[in-house]
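The following exercises ask you to work from atoms to interactions, step by step. Please look at the model before reading the solutions.

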Amino acid sequence: MSVERSNVLGVRATRQRAAVTALLDDFAEFRSAQDIFDELRRRGRHITVETAGTLYLPVACDLMSISPKLAHSGPAPGEHPRWSRRHERLRWQPEIVARLIAEYDYQLKFVIDRPDEVAEVHSLLSAIPQVDARRVLLMPQGRTAEEAS
C-alpha cells in the first residue's frame, strides 16, 4: 500500500480514513458514532475504540483501546490551572477501567514520556488486579517526526 498525503497538510491517506470517508459520503444525514461503527462492521471492518477510560459509554467494537492518562500528561498548572486541576481529578478512573476490561476485548496503552512514569503505571495497575499483563502496552511519547524515528 502506498502512503499518500491527503489534501490536508499533515494528514496521511490511509485505508482506515478511506473507509470512513466513503461511509460518511453514503450517509445523507448525521449519524451517531455507534451508527457509523455498526455500518463499518456490516462492511467487514474491524472497529477499535480509543478511550482515556474516564467515562463508561457502551459501544459495539472489536477492541477497546484504553489509554489512561498519567500525572505528567496534563496541561501545565501555571498556564492552565483550571484544566490542570480537572485533568488531575478525572484522569484515572479505576472503576471505569475495570468495567471496560470486564466487558470488552481490550488493550491498556500507557504513553511514557519519562522513565519514572513506569513506576506510576505499576501503581495504577495495582488498583485493578484483574488486568492481564499481556494486554498492557507501553508506548514512548513522540511529538515530532524526529522523536518518533
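**Exercise 1: salt bridges**

A search of the whole structure finds 11 salt bridges, each being a side-chain nitrogen of Lys or Arg within 4 Å of a carboxyl oxygen of Asp or Glu. This is a predicted model, in which local features need pLDDT of at least 70 and side-chain atom pairs count only at pLDDT 80 or more, while totals for chains, interfaces and linings use all residues. Residues are numbered from 1 along each chain as its sequence is written, and side-chain values use heavy atoms, with hydrogens and water left out.

Task: determine which residue forms a salt bridge with Arg41, and which parts of the chain the pair ties together.

Solution. Step one is the contact: the partner of Arg41 is Asp62, with the closest N and O atoms 2.9 Å apart. Step two is the location: because Arg41 belongs to helix H2 (residues 33-42) and Asp62 to the loop between strand S3 (48-51) and strand S4 (63-66), the pair ties together parts that are 21 residues apart in sequence. Here helices (H or I, at least four residues) and strands (E, at least two) are DSSP runs, numbered from the N terminus. Step three is accessibility: Arg41 is partly exposed at 34%, and Asp62 is partly exposed at 25%, where buried means under 20% relative accessible area, exposed over 50%, and partly exposed in between (1.4 Å probe, protein chains only).

**Exercise 2: two further pairs**

Task: state whether Arg91 is buried or exposed, and find how many residues apart Arg99 and Glu103 are.

Solution. Arg91 forms a salt bridge with Glu88, the closest N and O atoms being 3.0 Å apart; Arg91 counts as buried at 12% relative accessibility, whereas Glu88, at 43%, is partly exposed. The side chains of Arg99 and Glu103 also meet in a salt bridge, at 3.0 Å from N to O. These two residues are 4 residues apart in helix H4 (residues 94-103), so about one helical turn separates them. Elsewhere, salt bridges that share partners join Asp26, Glu39, Arg42 and Arg43 into one network.

**Exercise 3: a strand pair**

Task: work out how many bridges join strand S5 to strand S6, and through which helix the chain crosses between them.

Solution. Strand S5 (residues 106-112) and strand S6 (residues 136-140) run parallel and are joined by 5 bridges, pairing being assigned if DSSP finds at least two bridges between two strands. From S5 the chain crosses through helix H5 (residues 117-125) to S6, giving a right-handed β-α-β crossover, that is, with the strands pointing away from the viewer, the path from the first strand over the helix to the second runs clockwise.
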